[in-house]
Amino acid sequence: YSGTNKFARLWGHVDVRDNAYKLTSDSVEYNAKTGRAIYRNKGKIQNSLNKEVITSKVGYFYPSTGSYFFRGKVVYKKDDLLMTTDTLQFNHETQTTYIHGPTLIKNDSIEIHCSNGYYRVDKQEGALFHKVEILQKERTIRCDSVFYKELNQQFTGNGNVRIDDFKANLILLGDRFYSQQPNNETILSGRALAIEYSKITDSLFIGADTLKMCDDSLNNSIIFGRGNVRSYTKQAQTFSNAAYYSKENGILHLSNRPIVWAKNIELKGDSINLGFKDSLLDKALVKGNATAIMSVDTGAYFNQLSGNKIDASFQQGELKRADVKGQAWTIFYPIEERTTDTMILRERIGLNRLFASELHVYLDSGEVERVTFFDKPDGIFFPINQMDEKEKFIKGFSWNPMLRPKNPYTMQAQRKLK
């Protein structure tokens, strides 16, 4: 020890203690002028009050301020909490660690990787930045930054969010998210996109301004969408302003001006329930101002159905039967086959309009094959060259191809799956 320079160098099983902490190292240097102590050849700091242990290759500590700096294979342990990094700053007064490099934070329920931020070890909460990766038992979260609370496993994250939910077979993408337990609730916003993936059949994509995922009382996954909700499968595409999807029963419920497209068909109503079987469109129930419009001859004509309710059945994404109830109305353009010496000609012969309390319509490729009814309908037929323009469209007719999602990623502003 130099009294002139107020500098001490100690070596050989060095122990330094205060009321709470004990430093152990092979050698220690202490500068009384700056109030800084250093060990350069591995050291350990232990808290006798809470079983806190920190080891590193190099350590700088300031007893007067309670601050520590560690570098080189830093390991922090406290109860079930483990942190490993190359550079760490620690303030024992506030129980806060400051991260300056690739870091692992781990406890019994979670594992977090990041490269910057701070973490309160007493409360197990903090703000983490730069290539954040969170590993849980049943899911993985990646984002640019996150604020984390161990209590109820709360996360608030931003930037390039991707959540892989292995239990629900879901991939969730967005610009921002909030998540908490115990009901497994996750809220995504900013180009939010949920993907129910399938290696065997078709995958379902649901995008919206805001998506919410949670478990119901039976622990089944449910997805809610609000604002510009779009969904996409190879067989069917949808647009609405509100939706929810139950994975357990495969029902996608659409409301607030919903539209459904399947091949050459467009369905509209006050609400629409779509039923999926093995990820394939199986049925649709359209309630309130229900319409089904089928484009034929490349949009030259439209076969149309209208009623209070339409119960539709599909095969391989193609409408095969529609039961129209309540002010049932159909307009279609029948085809007649004519045989010549060399070919069979199929020609449209006119416009057929039927109105009844209930109609059962059987279709093939958007063409009306036959219609059955229970009471005598009000019907009229116009030859092709005598069609009345007023009879060509159902009430409230509209055709909306521009709203139809063309592929699953461009429907959410070029959101890409990486």
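For this tour, Ala, Val, Leu, Ile, Met, Phe, Trp, Tyr, Cys and Pro count as nonpolar, Asp, Glu, Lys and Arg as charged, and the others, Gly among them, as polar. You're looking at a predicted model, where local features need pLDDT of at least 70, side-chain atom pairs count only at pLDDT 80 or more, and totals for chains, interfaces and linings use all residues. Residues are numbered from 1 along each chain as its sequence is written, and side-chain values use heavy atoms, with hydrogens and water left out.

Start with the largest pocket, which holds about 500 Å³ of space. Select Asn289, Ala290, Thr291, Lys395 and Gly396: of the 23 lining residues, these are the closest to its centre. The lining splits into seven nonpolar, twelve polar and four charged residues. (On a 1 Å grid over the protein atoms alone, a pocket is an open set of points with protein on both sides within 12 Å along at least five of seven lines; a cavity is a set where a 1.4 Å probe fits but cannot get out; lining residues have an atom within 4 Å of a point. A volume is the space filled by probe spheres set on the points, which are joined across faces, edges and corners.)

Next, the largest cavity, with about 90 Å³ of space. Pick Asp165, Leu170, Asn184, Met213 and Cys214, which lie nearest its centre among 14 lining residues. Here the lining has eight nonpolar, three polar and three charged residues.

Last stop: how many disulfides are there? Zero, in a search of the whole structure, a disulfide being a pair of cysteine sulfur atoms within 2.5 Å.
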